[in-house]
Amino acid sequence: MSETVMEFTGVTSDAPSSSTFVVELAEFSGPLDLLLTLIREEQLDIYDIPIARVAAQFVLRIRTLELNEAADYLEMAARLLRIKAQMLLPRADGAEDWEDPRAELVRRLLEYQQMREVVDVLERAGEDRRSRFARAYLPQAAAPPEAPLALSLSELLAAVDRILRVTKAPSVHELIPRAVDVPGAITIIKAILALRARAMWTDLVKRDAEPWQILSTLLGILEMAKLGECRVQQDSPFANVEITSDTASEAA
Amino acid sequence: MTPLAKLLEAALFASARPIPSEELASLDTDASKAAVAAALDEIREHYDVDGHGVELVEIGGGWQILTRAEYTEAIERAQLASRPARLSAAALETLALIAYRQPLGRAEIEEIRGVSVGSVLKSLHERGLIDVVGRGEGMGRPLLYGTTPMFLEYFALRHLEELPRADELAVALRAEPRPL
């Protein structure tokens, strides 16, 4: 008993010794699957399971599992150990009311075994179907045809009336037109570039410039850059912009 | 082939899903149930006797034209079509339980399989193989699951009764229960 418990506590810490038969647990779909496999391999009688032996084997095999993945397996291991302990309890000879602690486990194993047979049937059937193709064309889900519009003139007018009544009076903003003078700005920029071939944005826009002047200069520069008449360069965001006359295009 | 058989063949060719007999019958309102059955037989025989690359199969509560198994590998090699992914052992076990005991709740499945099945149920539901068919009595009114027509189609079953009955299953480990 103590030996088994020792093994049990060693589930995560000890690497299995080289003599241990290591089983890939991924191939088992659960603790009952593993248990059935053990019983079949050892050719045990399912109605008279040598519980101590099976429990030890079971624990041995789940040692390779990560503990968090093994919760279902650990629960089964604990169950096996409890049954083993119950089997060891002394009982009066010929006691009629003694119930085999393994009975519940046997019932579950048989139920599981029956399900595995269905799995075999399904697996064969699924393989059979997988080996044949159907037509691959899937029609697109057709949108249901739109219902014809049923609307009389009076209903339409009533709707318009309703909308007009709930709609607030439009708020009107007064706009003062202030012309943006792009050609004028271009003339100024060209004049400056003719003098020094290279200018900073702050040279072109006076400190006290009005918004329309700033906008005109900006649009002028962009227009010239587009036409290849100047080159615009900014080393980093928000840095001053350098404008140079494009000598390359002049040369061309 | 008779005109009715040709009509049914065209419909079966056009459809990607199995067509139930009633729907086939609706293609020709003059055709009796027996005539449709005879026409289906005719198509099947035509494919089998003349030796076609396809066959007519009764599946998932309907009829469908499928390629013959011997050509699957070549078709897949040429990447003209690919087989659906195989189901995992966990998915198959869960499906097996639902197929036999539906409607069935998650707790019962976990009790029999001995593992938690939340994610398996989710993926089976996403693949359309199971669906929620009701709610159980008791704590929290648990969702109950059942199989779908897609389940029959996936396993090439005509109907659920085609699965072996539970009492027909030979439990491999069964021995005469001896008094414990």
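Helix α2 of chain A, residues 31-41, has as its buried residues Pro31(A), Leu32(A), Asp33(A), Leu34(A), Leu35(A) and Leu36(A). A residue is called buried if 20 or more other C-beta atoms lie within 10 Å of its own, exposed if 12 or fewer, and partly exposed in between, with C-beta atoms placed from the backbone. Helices (H or I, at least four residues) and strands (E, at least two) are DSSP runs, numbered from the N terminus. The structure is a predicted model, in which local features need pLDDT of at least 70, side-chain atom pairs count only at pLDDT 80 or more, and totals for chains, interfaces and linings use all residues. Residues are numbered from 1 along each chain as its sequence is written, while chains are lettered from A and ligands numbered from 1 in the order in which they are written.

The buried residues of α2(A) pack against α3 (51-61), α4 (71-88) and α5 of chain A, together with α6 of chain B. Just after α2(A), Gln43(A) adopts a positive phi of about 50°. Helix α5 of chain A spans residues 103-130 and contains Leu105(A). Leu105(A) is buried because 20 other C-beta atoms lie within 10 Å. Between Leu105(A) and Ile46(A) there are 59 residues of sequence separation, yet their C-alpha atoms are 9.5 Å apart in space.

Further along chain A, the axes of helix α7 (residues 182-196) and helix α9 (residues 211-227) come within 8 Å and cross at roughly 70°. Axes here are lines fitted to C-alpha atoms, for helices over the stretch in contact, and angles run from 0 to 180 degrees between N-to-C directions. The helices α7(A) and α9(A) are therefore roughly perpendicular to each other, a term covering angles of 65 to 115 degrees. On α7(A), the contact is made by Val182(A), Gly184(A), Ala185(A), Ile186(A) and Ile189(A). The α9(A) side consists of Ser216(A), Thr217(A), Leu219(A), Gly220(A), Ile221(A), Glu223(A) and Met224(A). By class, this contact has seven nonpolar, four polar and one charged residues. Ala, Val, Leu, Ile, Met, Phe, Trp, Tyr, Cys and Pro count as nonpolar, Asp, Glu, Lys and Arg as charged, and the others, Gly among them, as polar.

Between the chains, 41 residues of chain B are in contact with 36 residues of chain A, contact requiring C-beta atoms, placed from the backbone, within 7 Å. On the side of chain B that touches chain A, β2 (62-67), α4 (72-77), α5 (89-101) and α6 (106-113) of chain B each supply at least two residues. The largest share of that side, nine residues, comes from α5(B). Its residues divide into 32 nonpolar, four polar and five charged.

Chain B itself contains eight helices and five strands, arranged along the sequence as α-α-α-β-β-α-α-β-α-α-β-β-α. Of its 180 residues, 28% are buried.

Several backbone features of chain B deserve attention. Most residues other than glycine have a negative phi, and most peptide bonds are trans. The peptide bond from Gln102(B) to Pro103(B) is cis, with omega near -5°, and Pro103(B) lies in the loop between α5 and β3 (104-105) of chain B. Gln79(B), in the loop between α4 and α5 of chain B, has a positive phi of about 60° although it is not a glycine. Gln79(B) counts as exposed because it has 7 C-beta neighbours inside 10 Å. Arg141(B), likewise not a glycine, has a positive phi of about 40°. Arg141(B) is found in the loop between β4 (130-135) and β5 (143-147) of chain B, and is exposed, with 11 other C-beta atoms within 10 Å.

Note on methods:
Two residues are in contact if their C-beta atoms, placed from the backbone, lie within 7 Å. Angles under 35 degrees count as roughly parallel, over 145 as roughly antiparallel, 65 to 115 as roughly perpendicular and the rest as oblique.
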